[in-house]
Amino acid sequence: MPKLVWLNGVVSPLESATVHVSDHAHLYGDGLFEGIRMYSKKVFKLDEHIARLFHGAKHMGFEQMPTAEYVKGVILDMCAKSEFDDAYIRVNLTRGTGLGLDPKNIDRKPNLMVMVNSLALYRPEDYEVGLHVVSTSYRVIPADALDPRIKCIGRYASNIMAKAEANSKGAGEGLMLNHQGNIAECTGDNIFLIKDGVIRTPHPSSGILCGITRQTVIDTARDAGYPVEETFLTTFDIHACDEAFLTGTAAEIIAMVSLDGRPIGDGKPGKITQHVTEIFRQQTKGGTPIPVVAGTSV
Ligand SMILES: Cc1ncc(COP(=O)(O)O)c(C=O)c1O
């Protein structure tokens with residue numbers, strides 16, 4: 001199945017799409033990205049992803065920005081052009097093109113890329129049995145260095161090293177703490193712990209990406225009658241909890257069944273995790289429908 005890329009207005013097959021070598025994210029990580037899922041030709045939480053992207057661009061001071069409606073149109077049109085029914089959509093937005101750190105010396109004309117691809121992080125059986133997670137030696141970048149609410153490309157170098165550390169220990173994910181020793185998140189997912197029927201997740205000021213799947217789970221779990229707290233948690237809370245799960249657009253919801261070889265609860269995906277996952281799967285059917293005929297903006 002051909003995988004298509006839209007780059008600054010030009011649509012090409014994935015294999016032949018190339019970025020300028022002086023793109024500021026290529027040189028310095030000076031860009032933002034979103035990973036979005038399409039389920040059965042409906043794009044899940046599209047407005048939320050666009051909002052996060054544009055808040056990030058405003059915070060980082062990107063100039064000459066396209067409108068949110070334009071970017072949304074490009075994404076929907078690319079999904080319409082794609083032969084995938086279920087896809088992982090990658091959106092990259094960079095500050096512009098030019099050499100040197102100083103933004104005033106580059107063209108400050110954002111480069112926008114939309115790729116419609118597929119991505120399965122884990123095998124179906126991993127969702128049945130859950131993930132083994134290990135602690136990593138990497139801390140999340142503090143908010144006074146780079147606010148973690150911005151999905152900045154450059155920030156991911158440390159998450160990738162943490163992921164490699166987890167891989168070297170044979171684990172499915174790696175846990176990252178913050179500089180206070182509190183739990184922040186895993187390398188590409190947010191974390192939830194359940195104890196005595198109460199669902200807890202690190203507060204945004206723990207240094208997490210405010211995941212869109214995380215917010216979806218918080219809202220739907222509350223609607224389903226579960227108390228949900230955004231709070232400060234340590235590894236003690238993982239050792240003491242009954243169930244745990246991870247959330248992310250790529251991973252969706254997956255149970256976490258051990259930390260550093262110590263089982264969580266009975267070492268199996270728990271009942272509340274399973275219930276929340278069922279509700280989430282229902283919700284993924286309710287995304288933004290793509291236009292029937294490829295539209296206007298690409
Ligand atoms: C570090 C990190 N935390 C959490 C998440 C989950 O965010 P979302 O649910 O918006 O995909 C991601 C997703 O890429 C991530 O990279």
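A residue is near a molecule or strand if its C-beta atom, placed from the backbone, lies within 6 Å of that molecule or strand. The legends describe a predicted model, in which local features need pLDDT of at least 70 and side-chain atom pairs count only at pLDDT 80 or more, while totals for chains, interfaces and linings use all residues. Residue numbers start from 1 along each chain as its sequence is written.

**View A. Shell around the ligand.** The ligand is surrounded by 14 residues, and the closest are G211, I212, T213, G248 and T249. Two elements, α6 (212–223) and β13 (243–248), each give two or more residues to this shell; helices (H or I, at least four residues) and strands (E, at least two) are DSSP runs, numbered from the N terminus. With three residues, α6 gives the most.

**View B. Residue classes around the ligand.** The shell holds nine polar, three charged and two nonpolar residues. Ala, Val, Leu, Ile, Met, Phe, Trp, Tyr, Cys and Pro count as nonpolar, Asp, Glu, Lys and Arg as charged, and the others, including Gly, as polar.

**View C. The two domains.** The protein chain is assigned domain 1 (4–119) and domain 2 (124–283), with bounds from an automatic or database domain assignment. Their C-alpha centres are 26 Å apart. Domain 1 puts 20 residues into the contact and domain 2 puts in ten, a contact being two residues with C-beta atoms, placed from the backbone, within 7 Å.

**View D. Domain 1 side of the contact.** On the side that touches domain 2, α1 (24–28), β3 (31–39) and α2 (46–60) give two or more residues each. The largest share, seven residues, comes from β3. By class, this side has six charged, six polar and eight nonpolar residues.
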